[in-house]
Amino acid sequence: MENKRLRWSPQTKMTFSLLLLALFIYLLFRFSLILPPLILALILAYVLSPLANALERRLRLRRGLATLLAYLLTLGLLITLPAILIPPLASQFINLSSDIQRYLLSLETLLGNKYIIAGRTVDLDVLLRQAIGSFQGLLQPVFGQTLSLAVEVISSVVWVIFILVVSFYLVKDGPTLQSWLEALVPLPYRQDYIRLREEIGQIWAAFFRGQLVLALVVMLLFTLIGLILGLPFTLAMGVFAGLMEFLPSIGHGIWLLTASLLALFAGSTWLPIPNWAFMLLVIGLHLMYQQFDLNYLIPRIIGRSVHLPPLVVILGIVTGAVLAGVLGIFLAAPTIASARVLGRYIYANLFDLEPFPGSVAPPLPPPNPRWWKRLLPGRAHNRTPEA
């Protein structure tokens, strides 16, 4: 008589699940130093995977050779572009930095005077110092932690090699790793896993690749508008605007503050208007651009799957900044969007709802352009593949 295998009870499964979760959390904190380089390796692999896939498919190369070629092309691009763009940008950024520091000193002197408003004396210098102190206290743990970590990672050759090697093998063995993970999922839940993987994959793909395209579009757009308006340091401000797109919500504010200072103290290079009017013009155009960015550029370039309400993005940015610095700010939006997909799936299963409403009624196939052939005699049962 064959012995029946003893299965784990629900209590045993729950106990081992909690123990594995506790072990995972312990390892996460124990080896937290390796997380930022590992995240950078994942990002690099995610960005370069489409290029490796295209080279493998079109040139019919082996996966390893296609991955190596993708890395060599990317490395050549990263070496060529800075060699062309850095010389003019470097001088503009140096001059821009010195001018902004001088303008801030002038602004501090201007606000250092006491003003009488409605019979009461207002000391703007005290208010300014309190605001600067609060702002520095907010940013110090974020950027201090991030800069120290970035210097440690970049200055260490070991971490650079680690990022390159891990990302290379992630791209090279990506299809094999994906099939292995899919095989680990029990068969009844495999279709749900594939659907969740596709939705979350679309979010991160739209974010990373779309963010690069969006930054390039914004860079060109702001450079063109800066030339039309006569904004000082046009090329540097255009590149700065493109880089600020990687910091959602707060990036626009940083650029607008910098451009407002330039407009107020330097004015336009050719428009014959007062500096204060030029500053108002820059602010007004930037507010119009924000609406254009939120309602047109982001939905069409990045996609609506990552298009979150501003309040949710701001809360995610603050949380990400506290947990991971600038890297947390950058990854806040796709992380929240992925959590939304997982939360919807868990909620639907808790209340016995359909987790994927779109899968209930699949879209109809496109109409056959040769439908009229079905009406011809003798073709009702013997249709050609063209029909």
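I took helices (H or I, at least four residues) and strands (E, at least two) as DSSP runs, numbered from the N terminus. The expected span of a helix I took as 1.5 Å times one less than its number of residues.

**Basis.** I worked on a predicted model, in which local features need pLDDT of at least 70, side-chain atom pairs count only at pLDDT 80 or more, and totals for chains, interfaces and linings use all residues. Residues are numbered from 1 along each chain as its sequence is written, and side-chain values use heavy atoms, with hydrogens and water left out.

**Entry 1: helix H9.** I looked up H9, residues 250-265, and found 16 residues reaching 23 Å from the first C-alpha to the last, close to the 22 Å expected at 1.5 Å a residue. I then listed its buried residues (under 20% relative accessible area, 1.4 Å probe, protein chains only). They are Gly251, His252, Trp255, Leu256, Thr258, Ala259, Ser260, Leu261, Leu262 and Ala263. Just after H9, I noted glycine 267 with a positive phi of about 75°.

**Entry 2: H9 against H10.** I recorded a packing angle of about 160° for H9 and H10, with their axes 7 Å apart; axes are lines fitted to C-alpha atoms, for helices over the stretch in contact, and angles run from 0 to 180 degrees between N-to-C directions. The two helices are therefore roughly antiparallel, a term for angles over 145 degrees. For contact (heavy atoms within 4.5 Å), I found that His252, Trp255, Leu256, Ala259, Ser260, Ala263, Leu264 and Phe265 in H9 meet residues of H10 that include Trp276, Met279, His286 and Asp293. By class, this contact has 12 nonpolar, 5 polar and 1 charged residues. Ala, Val, Leu, Ile, Met, Phe, Trp, Tyr, Cys and Pro count as nonpolar, Asp, Glu, Lys and Arg as charged, and the others, Gly among them, as polar.

**Entry 3: isoleucine 298.** I located isoleucine 298 in helix H10, residues 275-301. Isoleucine 298 counts as buried because its relative accessibility is 14%. Its C-alpha atom is separated by 8.4 Å from that of glycine 210, 88 residues apart along the chain.

**Entry 4: H7 against H13.** I found H7 (residues 187-229) and H13 (residues 332-350) packed at an angle of about 160°, with axes 9 Å apart. That angle makes H7 roughly antiparallel to H13. On the H7 side I noted Tyr189, Ile203, Trp204 and Phe207 among the contacting residues, and on the H13 side Pro334, Val341, Arg344 and Tyr345 among them. The residues of this contact divide into 11 nonpolar, 2 polar and 3 charged.

Terms used: Angles under 35 degrees count as roughly parallel, over 145 as roughly antiparallel, 65 to 115 as roughly perpendicular and the rest as oblique. Buried means under 20% relative accessible area, exposed over 50%, partly exposed in between (1.4 Å probe, protein chains only).
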